[in-house]
Amino acid sequence: MTAVSLDSAPAKAQDRQWARTDLWLILGLSLFALAVRFPFLGDHNADIDEQLYALIGSQLWQGQLPFVDLWDRKPFGLFLLFGLADASGLPAPWSYQLFATIFIVLGALLLRRLALLLVDTTTAGVLALLYIVLMTIYGSHSAQTEIYHVPAMLGMALLVRDTSHPDALKRACMAMAIGGVALQVKYTVVPQCLFFGLWALWGQYRAGRSLPQIAEIAAGFAMLGLLPTLLVGLFYLAMGGWDEFWFANFVSFFLRAPAPMGRFADQYTIFVMPLVVLTVAGLYGSLRMTQPRDSRSYLFFCGMLAAALATVFLPSTVYAYYFAALAPGVLLVALPFLDRKGPVGIVPLGAVTIACIGLLYLPDRYEASQDHRRAMDGLVAAIQPHVDGEKCLWVFDGPTALYTATGSCLPTRLIYPDHLNNALERDALEVRQIDEVRRIMGERPPVVVTADRAFTLQNQDTLGYVTATLPKGYAVIAEERIHDRGIEVWLRRDLLPSN
């Protein structure tokens, strides 16, 4: 009895040491993430899409259902995440930006665990920092969808990589369940889920499973992956909103027109160059500099990157922030080049770290963020006196966050400006864009917000109608600049002060 206690004492002490080390690691990564994301924290206009996600997520607690009451084509799980952030009691955007910070730190921790298969703790730790930096550079500086589903993919990778693990099948089932949850954040993770599933199935085949057994396991994987989406679908069926759920999730995606630029815009060439250089350097390093100590894991990382590339280019229109999904795969593939124990020591790792931090342009981003806040305050001050829970603002083009910031009611279920002004959405909605725009203007909203420069290719019918109608019954009472666009506030003329 005493011998057992004495033998276990060093093990317990070691566990406590590891726990303290992990705690310091989490604290360090959290502080680094907050420092990198500091310019954007508290800025409603740090990004565009999440303003809609936050609005719909907050409305969940008011009984407003995505797809039925407020429309978008993102999965229900994404809005639930933003709803959970809103439930923290913090005001937007602080609520969802700090919530997203938890996920970027989680992704960094998971990436470090994978990196330790090939490199030492120092290189792996720096790689975790680079993950935070690259995710920020490639659009996950606030709360874009990639900040949530990328850690899920890393979790799947950790579970399925070792196909010889005694509990490989159980771990693979856990991974497929995680993949199913990730599908409820963004459906385009399908290629990555398929890769992890096929890797796990190949492992089971090599372990001696027969083809009929492999087929049964594959069916089980598919069921686990689809289960969260099936449960959401059943919920909408029970609530009487099945048609809206089905159209938004599985029909409108294919009805949206592709952008004229195709899947790869010319300006992306320079934008993705750091990812390309790191990938090529890593592949070269694996052949000429430092042969990976675990070649099977390195091959797995290459497969991860290829699957992430398929995720990025799955939609017919690719936006710049999609490339954040490549960050972990690129960093893992680059490890033979970045390994500080390689033939040129710490030079590549140090140079890449300095270069990536420089690409953040933090001083410029901080200045732009401060400008956004001042502009947003000006817009809110101009709009707020004229709207309330019954008199609704309408943002034809501009920040969706204005609805929440001004306390306005919502004039349409198609509340995201892009859905009614973007030409690519012309045939992808349940109503004609021009019909909904005419209906909204027919209600004579007290305030309308427009922009002097569009983000996207515009539907000329809706743009022409709004441009022609507004001067007849509205006057501009305020204008601010956000994202290099003039945002104009139009007040209905009968509400203008007598002077």
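**Close-up views of a predicted model**

View 1. Because 13 of its 17 residues are buried, H5 is largely enclosed by the rest of the structure (buried: under 20% relative accessible area, 1.4 Å probe, protein chains only; helices: DSSP runs of H or I, at least four residues, numbered from the N terminus). The model is predicted, with pLDDT of at least 70 needed for local features and 80 or more for side-chain atom pairs, while totals for chains, interfaces and linings use all residues. Residues are numbered from 1 along each chain as its sequence is written, and side-chain values use heavy atoms, without hydrogens and water. H5 covers residues 121–137 and reaches 24 Å from first to last C-alpha, close to the expected 24 Å (1.5 Å times one less than the number of residues). Just after H5, Gly 139 has a positive phi of about 100°.

**View 2. Surroundings of Arg 256.** Arg 256 sits in the loop between helix H10 (242–255) and helix H11 (268–271). With 14% relative accessibility, Arg 256 counts as buried. Its side chain makes polar contacts with the side chains of Tyr 319 at 3.0 Å and Glu 425 at 2.9 Å (N or O atoms within 3.5 Å, one able to donate a hydrogen and the other to accept it; residues adjacent in sequence count only if both atoms are side-chain atoms).

**View 3. Lining of the second largest pocket.** Helix H7 (168–183), helix H8 (190–206) and helix H9 (211–239) each supply at least two lining residues (pocket: on a 1 Å grid over the protein atoms alone, an open set of points where a 1.4 Å probe fits, with protein on both sides within 12 Å along at least five of seven lines; lining: an atom within 4 Å of a point). Of the 19 lining residues, Leu 183, Cys 193, Leu 194, Ala 222 and Gly 225 lie nearest the centre.

Definitions and conventions:
Buried < 20%, exposed > 50% of the residue type's maximum accessible area, 1.4 Å probe, protein only.
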